[in-house]
Amino acid sequence: MSSSTNVIFQVQPGGSLNGEIRVPGDKSMSHRSIMLGSLAEGVTHVTGFLNAEDAISTLEAFRAMGVQIEGPVNGEVTIHGVGKHGLKAPDKPLYLGNSGTSMRLLSGLLAGQAFDTVLTGDKSLESRPMKRVTVPLAEMGAEIETQPNGTAPLHIKGKAGKLQGMHYDMPIASAQVKSCLLLAGMYAEGETSVTEPAPTRDHTERMLAGFGYPVIRDGATAKISSEGKLTATNIDVPSDISSAAFFLVGASIAPNSDVTLKHVGINPTRTGVIDILRLMGANIEVLNEREVGGEPVADLRVRSSQLKGINIPEHLVPLAIDEFPVLFVAASCAEGQTVLTGAEELRVKESDRIQVMADGLQILGIDAQPTKDGMVIDGGQLGSGEVDSHGDHRIAMSFSIAGLRANGPITINDCANVNTSFKEFPALATQLGLNLKSM
Ligand SMILES: O=C(O)C1=C[C@@H](OP(=O)(O)O)[C@@H](O)[C@H](O)C1
Ligand SMILES: C=C(OP(=O)(O)O)C(=O)O
């Protein structure tokens with residue numbers, strides 16, 4: 001199924017969710033496993049790898065730079081690392097599809113190579129802001145040509161041996177910017193340090209440490225230098241909490257539901273969705289907590305509950321950044337009003353997630369008022385209607401979950417990009433009890 005085909009999801013109303021599933025591997029960790037495994041010395045084995053378009057974009061980019069990578073087969077990938085200086089010039093632009101993480105992390109990693117590269121993407125990716133990485137990289141001595149408004153395609157001039165380490169105070173809480181600069185710092189003279197205004201996902205720092213590369217963490221600051229090497233390791237990627245989130249909300253809002261999500265990554269920089277849902281009154285149990293390859297993992301059991309509206313604490317926003325589309329559905333089913341502020345970043349994801357969700361929820365009869373940096377939602381009765389996902393995977397899956405509490409069918413257009421993060425979604429959702437047809 002190509003992302004250019006119009007895939008339509010049709011959801012019949014009602015039902016409950018029941019059962020035990022394992023959702024696919026974490027997207028952020030899957031990207032990073034390919035990047036670090038490729039630059040390592042030796043052979044890295046990855047299990048639980050996400051076989052979805054975004055992670056495959058990263059994998060294909062490294063294949064195009066001469067790295068031998070086998071898989072994914074049943075989530076297993078074998079990467080024959082070429083070492084920190086072993087990448088080769090690709091013979092054409094690297095096409096990164098819909099994946100912001102691939103483009104922003106690769107810009108940092110490629111700025112310090114001995115060859116030039118061009119990074120391109122689909123219409124959505126080529127409209128997303130890239131100055132957040134190209135401006136600080138330029139301060140380190142990188143040379144990256146963007147389009148006049150700072151977007152991709154990006155032409156990256158190889159600057160091997162010429163990047164300078166620096167300290168950067170990030171103006172936005174972004175794990176992609178932080179990771180981009182740390183990866184550039186592996187090729188820069190002296191020390192590169194990045195301070196974040198609020199905690200963001202720290203998979204890059206954890207995985208670098210797992211590969212034996214020195215990263216110093218001191219409060220909100222992470223520091224790296226070119227003095228280090230990556231030694232191949234084995235990586236077990238847990239299930240993606242961002243994919244589990246659809247069922248955390250679905251089982252909370254649908255009566256008579258009881259779902260267990262197995263082996264989910266519960267890194268504290270990712271669990272904002274659990275905290276927010278619990279504040280709304282959700283019944284979520286974190287079971288069988290354990291640590292796998294430097295990342296905390298657990299099984300999550302969620303049962304139906306009557307949610308209530310809340311003011312979402314702003315410190316939880318970066319910790320749940322990809323989960324807001326489905327949290328807006330939870331808010332639509334809650335008693336009373338939910339207010340989100342401090343989340344302007346949602347406007348520059350694969351779609352403008354504030355506007356697109358507000359438009360769709362209004363079509364379904366919910367009083368959802370977009371604001372500059374969030375949304376005000378009054379809980380109510382979800383109705384039937386036809387909504388548009390604007391090619392955004394998380395919007396498509398969120399409106400599917402809304403069907404559990406709607407009083408009529410919901411048709412969702414432009415859903416092919418569900419394949420970028422969670423192609424098993426229709427099958428797993430149906431297995432649990434959602435009445436969804438993909439056409
Ligand atoms: O580093 C990562 O893997 C990601 C960071 C977040 O983006 P920002 O850094 O732009 O907030 C998130 O939205 C994205 O899905 C994945
Ligand atoms: C924002 C997302 O991803 P990316 O930035 O990698 O496109 C996402 O998966 O919700």
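Predicted model: local features only at pLDDT ≥ 70, side-chain atom pairs only at ≥ 80, totals over all residues.
Residues are numbered from 1 along each chain as its sequence is written, and chains are lettered from A and ligands numbered from 1 in the order in which they are written.

**The two ligands**

- Around ligand 1 you will find S28, T101, S174, A175, Q176, S179, R201, I321, D322 and E345; a residue is near a molecule if its C-beta atom, placed from the backbone, lies within 6 Å of it.
- Helix α5 (residues 175-185) gives the largest share of this shell, 3 residues; helices (H or I, at least four residues) and strands (E, at least two) are DSSP runs, numbered from the N terminus.
- By residue type, the shell around ligand 1 has 2 nonpolar, 5 polar and 3 charged residues. Here Ala, Val, Leu, Ile, Met, Phe, Trp, Tyr, Cys and Pro count as nonpolar, Asp, Glu, Lys and Arg as charged, and the others, Gly among them, as polar.
- Ligand 2 is surrounded by D54, N98, S99, G100, T101, D322, K349, E350, R394 and S421.
- The shell around ligand 2 has no nonpolar residues, 5 polar and 5 charged.
- Ligand 2 lies between domain 1 and domain 2, because both give residues to its shell.

**Residues with annotations**

- An unreviewed UniProt entry marks D322 with the annotation "active site". UniProt positions are given in the numbering used here, feature names are shortened, and annotations may be inferred rather than shown by experiment.
- D322 sits in the loop between β19 (295-303) and α9 (324-332).
- D322 counts as buried because it has 24 C-beta neighbours inside 10 Å. A residue is buried if 20 or more other C-beta atoms lie within 10 Å of its own, exposed if 12 or fewer, and partly exposed in between, with C-beta atoms placed from the backbone.
- Leaving aside residues up to four places away in sequence, D322 touches S242 and R394; two residues are in contact if their C-beta atoms, placed from the backbone, lie within 7 Å.
- The unreviewed UniProt entry also has the annotation "binding site", which covers K27, S28, R32, S174, Q176, D322 and K349.
- K27 belongs to helix α1 (residues 27-39), and is buried, with 23 other C-beta atoms within 10 Å.
- Among the residues that K27 touches, not counting those up to four places away in sequence, are D54, D240 and S421.
- S174 is found in the loop between β11 (167-169) and α5, and 22 C-beta neighbours inside 10 Å make S174 buried.

- The C-alpha centres of domain 1 and domain 2 lie 28 Å apart.
- Their contact takes 26 residues from domain 1 and 27 residues from domain 2.
- On the side of domain 1 that touches domain 2, there are 7 nonpolar, 13 polar and 6 charged residues.

**A look at strand β17**

- Strand β17 (residues 258-265) is largely enclosed by the rest of the structure, because 6 of its 8 residues are buried.
- Strand β2 (residues 18-21) runs parallel to β17, and 4 bridges join them; two strands pair if DSSP finds at least two bridges between them.
- β17 and β19 run antiparallel and are joined by 6 bridges, and L261 has L300 in β19 as its bridge partner.

Key:
Domains from an automatic or database assignment.
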